[in-house]
Amino acid sequence: MARTKKVTITLPAELLESMKSHTDNVSGYLTELAERAERRRLLREELDRYQEEFGAFTAEEMAEAQVLLHGSEGMGRAA
């Protein structure tokens with residue numbers, strides 16, 4: 001089991017009530033959201049490093065990535 005540390009946070013009451021309507025484990029819910037945000041941050045840093053070394057992604061590479069991530073129906077969505 002991961003080591004944990006208890007902290008106190010302040011949230012808008014409406015946000016807390018909304019979270020409670022979706023889960024009975026607010027701590028776990030917030031942990032999952034924070035882990036996702038951290039993975040996105042690390043991925044963004046890695047993609048930035050890659051582009052610094054090899055140049056910006058081409059439109060074709062971006063389109064291929066969109067298909068891999070979202071399938072062909074994701075092609076019409078704005079980023």
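# Reading contacts, a helix and aromatic rings

Modeller: L11 touches L16, M19 and L30, leaving aside residues up to four places away in sequence; contact means heavy atoms within 4.5 Å. The model is predicted, so local features need pLDDT of at least 70 and side-chain atom pairs count only at pLDDT 80 or more, while totals for chains, interfaces and linings use all residues. Residues are numbered from 1 along each chain as its sequence is written, and side-chain values use heavy atoms, with hydrogens and water left out.

Colleague: Where does L11 lie, and is L11 buried or exposed, or in between?

Modeller: Buried means under 20% relative accessible area, exposed over 50%, and partly exposed in between (1.4 Å probe, protein chains only). L11, at 29% relative accessibility, is therefore partly exposed. L11 lies in the segment before helix 1 (13–22); helices here are DSSP runs of H or I with at least four residues, numbered from the N terminus. The C-alpha atoms of L11 and E64 are 39 Å apart in space, and the two residues are 53 residues apart in sequence.

Colleague: What span should helix 2 have?

Modeller: The expected span of a helix is 1.5 Å times one less than its number of residues. Helix 2 (residues 26–54) has 29 residues, so it should span 42 Å; its end C-alpha atoms are 42 Å apart, which agrees. After helix 2 comes G55, with a positive phi near 95°.

Colleague: Which accessibility class does A37 fall in?

Modeller: A37 lies in helix 2 and has 35% relative accessibility, so A37 is partly exposed. A37 and E17 are 20 residues apart along the chain, and their C-alpha atoms are separated by 22 Å.

Colleague: How many aromatic pairs does the structure hold?

Modeller: A pair of aromatic rings is described by the distance of the centres and the angle of the planes. Rings of Phe, Tyr and Trp (its six-membered ring) pair if their centres lie within 6.5 Å; planes under 30 degrees apart count as stacked, over 60 as edge-to-face and the rest as tilted. The structure holds two aromatic pairs. The ring centres of Y50 and F54 are 4.7 Å apart and their planes are at 40°, so this pair is tilted. Because Y50 and F54 are four residues apart in helix 2, about one helical turn separates them. Y50 also pairs with F57: this pair is stacked, at 5.5 Å centre to centre with 10° between the planes.

Colleague: Which residues form the aromatic cluster, and what is the relative accessible area of F54?

Modeller: The cluster consists of Y50, F54 and F57. F54 is exposed, with a relative accessible area of 53%. Y50 is partly exposed, at 38%, and F57 is partly exposed, at 27%.

Methods
Helix = DSSP H or I, 4+ residues; strand = E, 2+ residues; numbered from the N terminus.
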